[in-house]
Amino acid sequence: MDRYVITGKQRLEGRVVTGGAKNASLPLMAAAILAEGKTVLTGVPRLTDIFNMAEVMKTLGCKADFRNNELVLDTSSLTENTFDQELMRRMRASNLVLGPMLAKYGQVNLPSPGGCAIGTRPMDQHIKGLKELGVKIKVKHGYLEAKVDKKLMGAEIYLDIPSVGATENIMMAAVLAEGTTVLHNAAREPEIVDLQNLLNKMGAKVRGAGTHVIRIDGVKKLQSAEHTVIPDRIEAGTHMLAAVMTQGDILVENVVPEHVSPIIAKLRQGGATITTNGDSVRVQHKGKFKAVDLKTLAYPGFPTDMQPQFLALLTMAEGTSIVTETIFENRFQHVPELTRMGAKIRVEGRAAIVCGVPTLEGAFVQATDLRAGAALFLAALAAEEGTVLERVDYIDRGYENLEEKYRALGAKLQRVVKQA
Ligand code: EPZ
């Protein structure tokens, strides 16, 4: 497991180009299962999660050719219906093959992906929606056995939670169903809109993504298509925070400003200077950042995937902040590590009370999950002295070429490859 050795107090300035969205790429890859032939995705980030998803697709008989940031998925030889248990457990998003496989083959036995560091991550909403479409589902021995006797039938579905994954799985199952599906309380994330756009390029009839009601008129067949992935709003937000935490000046390019509007609003509330121009966002900051309260919510609320990084910023704010995590039940694992760096944080249930300190101290810290790793990376850039950050493999799941991007901004860091 590699580690970063990071010199603190480096003011970052310059420009950084955001890659394609990990959380759009993963459902788009699964959607390729629905169409015959070669689906070409461009702007796909080279991340561990993407490589894992490509491996999952390959175990299903799909060919995956990934060159630079272009991924060609050839499903003409898709036959297998066997899954590699270990592979499926490695990444929650592997469950996104459920909807497409049901639409295409009418049955699938999926190892349940299980939980991860940030929560148990059940699939009850996925199951609820698929059952309404006529799927019979049994969960036993750690497997989810799903089967359709005849055809998937369109239905009126109400989600109890605007679950991103459940919305995506239901959309991908419904596009080849008989009749119309109306999905209420759907997730509204930009990644859902990106999925709708690819499905419609394939010949599907999906409307309403980005709102709470998505309407899908089933069709007979889908054709493979080409699609460019939207920019990664969480990577962009992470870079925006780096500018504020290092008193720097960073131009973040390849951003959809609307997708990062909750992050812009919070940064402005704390005193940062933000200017948007087309597909770039410039972030400048000098002096103390004022404490702000933060509550994570489904889009367009403040994104849970930016909570750890923003909490790291608040550890050095002027005043006390309350950070409330409403999406995941265990997403404060970065707190003990930030405390080792001198942060003053008290966690009470879903809330963390953060008393700002003048600065953080370098320390030995460890990433526990992807976004906790990103939070500690930012904290190390801002802290006094040096920091050793263990388990960089978590960060590799969601950030491409991080060292190169940050060295270009003036960071002093190196990656120590630890022999296995
Ligand atoms: C997606 O996960 C993202 N991953 C997550 O990003 C993100 O944090 C999350 O959405 C919320 O925005 C991908 O898109 C690959 P959910 P997903 O279903 O779809 C509960 C990152 O760092 N829930 O919207 O799994 C669930 O336990 C990752 O890039 C149920 O109770 O999230 C959670 O508490 C982390 N039953 C909440 O809803 C269900 O059937 C939101 O989950 C489904 C979900």
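The shell around the ligand in this predicted model is made up, by class, of ten nonpolar, six polar and seven charged residues. Of the 23 residues around the ligand, those that come nearest are Asp124, Gln125, Ser163, Asp305 and Ile327. Helix 1 (22-31), helix 5, helix 6 and helix 12 (370-382) each supply at least two residues of this shell.

| Residue | Part of the residue | Ligand atom | Distance |
|---|---|---|---|
| Aspartate 124 | side-chain N or O atom | nitrogen | 2.7 Å |
| Glutamine 125 | polar backbone atom | oxygen | 2.7 Å |
| Valine 164 | backbone N or O atom | oxygen | 2.8 Å |

Taken alone, the ligand exposes 830 Å², and the protein buries 88% of that area.

**Domains and the ligand**

The protein chain is divided into domain 1, with residues 3-18 + 231-416, and domain 2, with residues 22-228. The C-alpha centres of domain 1 and domain 2 lie 31 Å apart, and the contact takes 21 residues from domain 1 and 20 residues from domain 2. Because domain 1 and domain 2 both give residues to the shell around the ligand, the ligand lies between them.

Helix 5 spans residues 124-132, and its buried residues are Gln125, His126, Ile127, Gly129 and Leu130. After helix 5 comes glycine 134, whose phi is positive, near 105 degrees.

Helix 4 is mostly covered, with six of its eight residues buried, namely Leu98, Gly99, Pro100, Met101, Leu102 and Ala103. These buried residues of helix 4 pack against helix 1, helix 5 and helix 6, and also against strand 6 (107-111), strand 7 and strand 8. Just after helix 4, glycine 106 takes a positive phi of about 80 degrees.

The side chains of aspartate 305 and arginine 331 are joined by a polar contact of 2.7 Å. When residues up to four places away in sequence are not counted, aspartate 305 touches Asn23, Ile234, Arg331 and Arg371. Proline 300 also has its place in the loop between strand 17 and helix 10, and the peptide bond that leads from tyrosine 299 to proline 300 is cis, with omega near 10 degrees.

**Alanine 24 in helix 1**

Alanine 24 is in helix 1, the helix that is named among those supplying at least two residues of the ligand shell. At 1% relative accessibility, alanine 24 counts as buried. Leaving aside neighbours within four places in sequence, alanine 24 is in contact with Glu191, Asp194, Val229 and Ile230. The C-alpha atoms of alanine 24 and isoleucine 192 are separated by 7.5 Å, although these residues are 168 residues apart along the chain.

**Positive phi outside glycine**

Histidine 141, found in the loop between strand 7 and strand 8, has a positive phi of about 50 degrees and is exposed, with a relative accessible area of 74%. Asparagine 185, which lies in the loop between strand 10 (180-184) and helix 7 (190-201), has a phi near 60 degrees, again a positive value in a residue other than glycine. At 25% relative accessibility, asparagine 185 counts as partly exposed.

Conventions:
Residues numbered from 1 in each chain as written. Predicted model: local features only at pLDDT ≥ 70, side-chain atom pairs only at ≥ 80, totals over all residues. Heavy atoms only, no water. Buried < 20%, exposed > 50% of the residue type's maximum accessible area, 1.4 Å probe, protein only. Helix = DSSP H or I, 4+ residues; strand = E, 2+ residues; numbered from the N terminus. Near = heavy atom within 4 Å. Polar contact = N/O pair within 3.5 Å; in protein donor to acceptor, adjacent residues only side chain to side chain. Areas by Shrake-Rupley, 256 points an atom, 1.4 Å probe, with all protein chains shown as cover. Nonpolar A, V, L, I, M, F, W, Y, C, P; charged D, E, K, R; others polar. Domains from an automatic or database assignment. Contact = heavy atoms within 4.5 Å.
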